[in-house]
Amino acid sequence: MSARTEQIAADSLARNDRVVINDGELPYLVDAVVVIADGGVRVTYSSMDTVEYAAGEQVAIVV
């Protein structure tokens, strides 16, 4: 059974959102979201991985 996902802007992410980065893998749990200088966001996941997303970039979350 696959989880239902929804596309949202990365700057709408919040702590505990579950982001699907790669199909077929478990989602990443958001630990922190910080706005960066260019309007994008730096997202730190509970795995301690950090990804920067451009302003308005879409990500898939589990709903």
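**Close-up views of a predicted model**

View A. Apart from its neighbours within four places in sequence, Thr44 is in contact with Leu29, Val30, Asp31, Ala32, Asp49 and Thr50. Thr44 itself lies in strand β4. Its relative accessible area is 19%, and because buried means under 20%, Thr44 is classed as buried.

**View B. The one aromatic pair found in a search of the whole structure.** The ring centres of Tyr28 and Tyr45 are 5.4 Å apart and their planes stand at 65°, so the pair is edge-to-face; the cut-off for this class is an angle over 60 degrees. The pair links distant parts of the chain, with Tyr28 in strand β3 (residues 28-35) and Tyr45 in strand β4 (residues 41-45), 17 residues apart.

**View C. Accessibility of Tyr28 and Tyr45.** Tyr45 has a relative accessibility of 0% and therefore counts as buried. Tyr28, at 22% relative accessibility, counts as partly exposed, since that class lies between the limits of 20% and 50%.

**View D. The largest pocket and its lining.** The space in this pocket amounts to about 150 Å³. Eleven residues line the largest pocket, and those closest to its centre are Ala3, Thr5, Val20, Glu25 and Pro27. By residue class, the lining comprises five nonpolar, four polar and two charged residues.

Note on methods: Residues numbered from 1 in each chain as written. Predicted model: local features only at pLDDT ≥ 70, side-chain atom pairs only at ≥ 80, totals over all residues. Heavy atoms only, no water. Phe/Tyr/Trp six-rings, centres within 6.5 Å; stacked < 30°, edge-to-face > 60°. Helix = DSSP H or I, 4+ residues; strand = E, 2+ residues; numbered from the N terminus. Buried < 20%, exposed > 50% of the residue type's maximum accessible area, 1.4 Å probe, protein only. Contact = heavy atoms within 4.5 Å. 1 Å grid on protein atoms, 1.4 Å probe; cavity = no way out; pocket = protein on both sides within 12 Å on 5 of 7 lines; lining within 4 Å. Points joined across faces, edges and corners; volume = space filled by probe spheres on them. Nonpolar A, V, L, I, M, F, W, Y, C, P; charged D, E, K, R; others polar.
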